[in-house]
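Open the model in your viewer and keep the selection panel at hand.

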Amino acid sequence: MKRPILLHPDPRLKKNCLPVEAVSAEVGQLAEDMLATMYDAPGIGLAAPQVGVMQRLLVMDCIKDPEQSPRPMAMLNPQVTWSSEDVSVYEEGCLSIPDQYAEVTRPAIVRVEWLGLDGKPQEEEFEGLWATCVQHEIDHLNGKLFIDYLGPLKRQMITRKMEKLKRELARRG
């Protein structure tokens, strides 16, 4: 089931999320709903607070080539345990900040530990788009948006555009 995506500025997007206490059918359903929402948007990552759930859960799939099999991932309580000194710059966007993009510098390679939907601990090293995506989504779990990496003027400009978009959407009902 697709869920509505919260739009910036929404105070829930700026809050720290609580750890997922236990793997359950509800958590599995949430992950499934989030993947359906992400693919439909379309996007490559989605964090639980973006659908109004204040838990440390994210989903992602950075396979964009239709010739390749999708690789949907769901991570409970993910954390970066190591990051490279090398950095990469990607033009990032966000499903909660539609049609707004900006270059963000992040570590080029990160190692992440998380709990899988099967309840087992997982660990993987990500690089390229996957590294950018997982860091972007973990930021969401910590109440941080990609625009927080920008200068105050650019951030204010994007926020004003989003406020205008939300007013227009509210008017349309």
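A pocket here is an open set of grid points, on a 1 Å grid over the protein atoms alone, with protein on both sides within 12 Å along at least five of seven lines. The structure to which this is applied is a predicted model.

Stop 1: Select P42, G43, I44, G93 and C94. Of the 25 residues lining the largest pocket, these are the closest to its centre. The volume of this pocket is about 580 Å³.

Next, colour β4 (87–94), β5 (97–107) and α2 (129–141), each of which supplies at least two residues of the lining. What is the largest share of the lining, and which element gives it? Six residues, from α2. Colouring the lining by class gives 12 nonpolar, seven polar and six charged residues.

**Stop 2: the largest nonpolar core.** Select M60, M73, M75, V112, F126 and V134. They have the most contacts inside the largest nonpolar core, which has 17 residues. Two or more residues of this core come from each of β2 (57–60), β3 (73–83), β6 (109–115) and α2. Again α2 has the largest share, with six residues of this core.

**Stop 3: around V112.** Centre the view on V112 and leave aside its neighbours within four places in sequence. V112 is then in contact with M75, P78, Q79, V80, T81, Q122, E123, E124, F126, V134 and I138.

**Stop 4: the other core.** Finally, select V20, L30, L46 and L95. These are among the 16 residues of another core, which lies apart from the largest one.

Technical notes. Residues numbered from 1 in each chain as written. Predicted model: local features only at pLDDT ≥ 70, side-chain atom pairs only at ≥ 80, totals over all residues. Heavy atoms only, no water. 1 Å grid on protein atoms, 1.4 Å probe; cavity = no way out; pocket = protein on both sides within 12 Å on 5 of 7 lines; lining within 4 Å. Points joined across faces, edges and corners; volume = space filled by probe spheres on them. Helix = DSSP H or I, 4+ residues; strand = E, 2+ residues; numbered from the N terminus. Nonpolar A, V, L, I, M, F, W, Y, C, P; charged D, E, K, R; others polar. Core = buried A, V, L, I, M, F, W, Y, C linked by side-chain atoms within 4.5 Å. Buried < 20%, exposed > 50% of the residue type's maximum accessible area, 1.4 Å probe, protein only. Contact = heavy atoms within 4.5 Å.
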